[in-house]
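Hi,

Here is the structure I promised to pass on to you. Have a look at it first, and my notes on what turned up follow below.

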Amino acid sequence: MKSEDIDDSSAPLIEHLAELRKRLIWSALAFVAAMFLAFTVWNPIFNFLTWPVCGALAERGQDCGLVLIKLQEGFFVAIKISMFGGLFLSFPIIAYQLWRFVAPGLYRSEKAAFLPFLIASPVMFLIGAAFAFFVVIPIAFNFFLTFQQVGTPGVPVPAEPGSVTPHTAGITFQGSVAEYLSLTISFVTAFGLCFQLPVLLVLMGKAGLISSRGLASVRRYAVVAILIVAAVATPPDVMSQIILFAAIYPLYEISIYLIRRIERRREAELKAEGLWVDDEEDGKDNA
């Protein structure tokens, strides 16, 4: 490796800490500015987030209304939406500051390898979040709302004077604003993070920490692990857990395929340079 392939940044520790402090300050300022911006439009953001439950209620001919259980609940809902929106809006700046801090210490080949993963990570998070919001949450909320029932009053029985048919208690959804927001954000965050699986596995495969053969050999354990994650990350309904598993397991198989392609490309490059050593031939020589 040539010395000019790496940036001239052999600064002492104190300079690295100063650079880290600078990047953290810029990231914090970007988050605070984005949070204040999101606070000014928290109501439209909340209206957008209520689309799944309002659609499910509209299918049943019910009005879409959530209630404030506590006096201060509305304010804290606005703050929570502002923080969530601020993190979303400021993420590109935060990622750029992270890249500016890490990049000087990387070789050019390492930069070329790391940058695609830095871009793929937020893209996969957005895909997972969109899948949760537009597909999974409406299905889950429709399932939850099936436990409502219409109340009926007791009616006198003509053939039996003095007796009435038993009444039926009504069960109607009157959700808390804060509870609904927490449930929706939990869904979106869980799916967004789970969709990071191929990014993480391919990055580890490119670094040589795992292999496609190793991942393929532990499929049965991966199935169990994904089922456990689905049970923990989603509310306790079977439908959401099955959907999350059906979305995550194919990503595991795609990761194996991508890592196998990386291994084949690496093998071809080493063979072209005359540096490839076959494991089977090496084992025979040692024998």
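Let me start with a pair of helices: α2 and α4 are roughly perpendicular to each other, a label that covers angles of 65 to 115 degrees, while under 35 counts as roughly parallel, over 145 as roughly antiparallel and the rest as oblique. Their axes cross at roughly 85 degrees and come within 10 Å. Axes here are lines fitted to C-alpha atoms, for helices over the stretch in contact, and the angles run from 0 to 180 degrees between N-to-C directions. On the α2 side the contact uses W42, I45 and F46, and on the α4 side V77, A78, I81 and S82, where contact means heavy atoms within 4.5 Å. By class, that makes six nonpolar residues, one polar and no charged. For those classes, Ala, Val, Leu, Ile, Met, Phe, Trp, Tyr, Cys and Pro count as nonpolar, Asp, Glu, Lys and Arg as charged, and the others, Gly among them, as polar.

Before going on, a word on the model: it is predicted, local features need pLDDT of at least 70, side-chain atom pairs count only at pLDDT 80 or more, and totals for chains, interfaces and linings use all residues. Residues are numbered from 1 along each chain as its sequence is written, and side-chain values use heavy atoms, with hydrogens and water left out.

Now the overall picture. The protein has eleven helices and zero strands; both are DSSP runs numbered from the N terminus (helices are H or I, at least four residues; strands are E, at least two). Of its 287 residues, 27% are buried, meaning under 20% relative accessible area, with exposed being over 50% and partly exposed in between (1.4 Å probe, protein chains only). The accessible surface is about 18,300 Å², and carbon and sulfur atoms account for 68% of that; the areas come from the Shrake-Rupley method with a 1.4 Å probe, and for residues only the protein chains shown count as cover. If you take the contacts between residues at least 6 apart in sequence, 77% of them join residues at least 24 apart.

Helix α1 spans residues 13-40, and its axis lies 7 Å from that of α4, at an angle of about 150 degrees. The two are therefore roughly antiparallel.

With α6 (residues 177-194), α4 (residues 73-102) packs at about 20 degrees, the axes being 9 Å apart. That is why the pair counts as roughly parallel. In this case the crossing is left-handed. From α4 come E73, V77, K80, I81 and F84, and they meet V177, A178, L181, S182, I185, V188 and T189 of α6. Sorted by class, that is eight nonpolar, two polar and two charged residues. Notice that V77 and I81 turn up in the contact with α6 as well as in the one with α2.

K70 sits in the loop between α3 (51-59) and α4. It is exposed, at 53% relative accessibility. K70 and A178 are 108 residues apart along the chain, yet their C-alpha atoms are separated by 9.5 Å.

Helix α10 (residues 238-273) holds R261 and also A247. R261 is partly exposed, with a relative accessible area of 42%, whereas A247 is buried at 14%. What does A247 touch, not counting residues up to four places away in sequence? The answer is F131 and F195. For R261 and S212, 49 residues apart along the chain, the C-alpha separation is 9.1 Å.

One last stop is α7 (residues 197-206), where P198, V199, L201, V202 and G205 are the buried residues. After α7 comes G208, which has a positive phi, near 85 degrees.

Happy browsing!

Key: A crossing is left-handed if the near helix is turned anticlockwise from the far one by less than a right angle, and right-handed if clockwise.
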